[in-house]
Amino acid sequence: MSDQGTPHDAPEDVLAELGPAEVRKVRLHQGAITGVGLVLLAGTTFFGAVVQAGVTLCAICFGLTCGPGIEICPGSVLLLAIVVAVLLLESALVAVGLSTRAVARGTIRVGVFGVGRASAIKPEPPLSFLAPMFLFFGWSLAALGLMLPFDIFGDCIEPCDYPWVLSGYPELLVILGAGLLATGGVIFGLISLRRRRA
């Protein structure tokens, strides 16, 4: 950071004037935030697949009892919406952890380095934050969509069992996830191109 407090554009410049101990603290915080976010993201994705959120058909299996209806259980759809919302929050947490700027600003603000220095680091550009968030959110949605039709723990028994078929909510999640993955990739490409030209 310059004497006038002008922020630099490259992420590496954020730590340029920090001492080795300060850099270690920022890196430690980054690793902790990113690691926790990834563990939560994987756990929530697996949890959604295990409970078959959004695909449990009342006609096929309700616990171990087959019922007379042919509709998706309302509670299953509500649970799917909650799982997707939690995945979005966890993807944002991973994106924060991957952002040197965000972690350094936060670390400074909580008093590790001194509050006066936080303003010298400009906030993460929106696209630089959205790219990893879209990638991880897209990955989790696509993975959840592909796993949802499996009866992972075998709770449903014949004639409640049903084959793996990608349709309905799982198919929608895979399409949405693939779209977010592609969008994140395009944003990363634009950021890389802009940095090369700078």
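Predicted model: local features only at pLDDT ≥ 70, side-chain atom pairs only at ≥ 80, totals over all residues.
Ala178 is partly exposed, with a relative accessible area of 42%; partly exposed describes values between buried (under 20% relative accessible area) and exposed (over 50%), taken with a 1.4 Å probe on protein chains only. This residue is placed in helix H5.

Residues are numbered from 1 along each chain as its sequence is written, and side-chain values use heavy atoms, with hydrogens and water left out.

The chain as a whole has five helices and zero strands, where helices (H or I, at least four residues) and strands (E, at least two) are DSSP runs numbered from the N terminus. Read from the N terminus on, the elements run α-α-α-α-α. Of the 198 residues of the chain, 35% count as buried. Among contacts with a separation of 6 or more, 73% are between residues 24 or more positions apart, a contact being heavy atoms within 4.5 Å.

Helix H1 covers residues 20-50, which makes 31 residues, and reaches 44 Å from its first C-alpha to its last, close to the 45 Å expected at 1.5 Å a residue. The expected span is 1.5 Å times one less than the number of residues in the helix. The buried residues of H1 include Glu22, Val26, Gln30, Thr34, Gly37 and Leu41. What happens to phi just after H1? There, Gln52 takes a positive phi of about 50 degrees, although Gln52 is not a glycine. Most residues other than glycine have a negative phi. Gln52 lies in the loop between H1 and H2, and Gln52 counts as buried because its relative accessible area is 6%.

The next topic is the nonpolar core. In soluble globular proteins, nonpolar side chains tend to be buried together. A nonpolar core is a set of buried Ala, Val, Leu, Ile, Met, Phe, Trp, Tyr and Cys residues joined through side-chain atoms within 4.5 Å. The largest such core here has 20 residues, and those with the most contacts inside it are Leu80, Leu87, Leu141, Leu144, Leu148 and Leu173. The elements giving two or more residues to this core are H1, helix H2 (74-98), H4 and helix H5 (168-197). H4 gives the most, with six residues. Leu87 touches Leu41, Thr44, Thr45, Phe137, Ser140, Leu141 and Leu144, not counting residues up to four places away in sequence.

How do H2 and H4 pack? Two packed helices are described by the angle between their axes and the distance between the axes. For H2 and H4, the angle is about 145 degrees and the axes are 8 Å apart. Axes are lines fitted to C-alpha atoms, for helices over the stretch in contact, and angles run from 0 to 180 degrees between N-to-C directions. H2 passes H4 in a right-handed crossing; a crossing is right-handed if the near helix is turned clockwise from the far one by less than a right angle, and left-handed if anticlockwise. Among the residues making the contact are Leu80, Val83, Val84 and Leu87 of H2, and Phe129, Pro132, Met133 and Phe136 of H4. The residues of this contact divide into 17 nonpolar, two polar and no charged. In this count, Ala, Val, Leu, Ile, Met, Phe, Trp, Tyr, Cys and Pro are nonpolar, Asp, Glu, Lys and Arg are charged, and the others, Gly among them, are polar.

Leu88 lies in helix H2 and is partly exposed, at 36% relative accessibility. Leaving out residues up to four places away in sequence, Leu88 touches Met133 and Phe137.

In H5, the buried residues include Leu173, Val174, Gly177 and Leu180, and what covers the buried residues of H5 includes H2 and H4. Leu181 of helix H5 is partly exposed, with a relative accessible area of 32%. Apart from neighbours within four places in sequence, Leu181 is in contact with Phe134, Leu135, Gly138 and Trp139.
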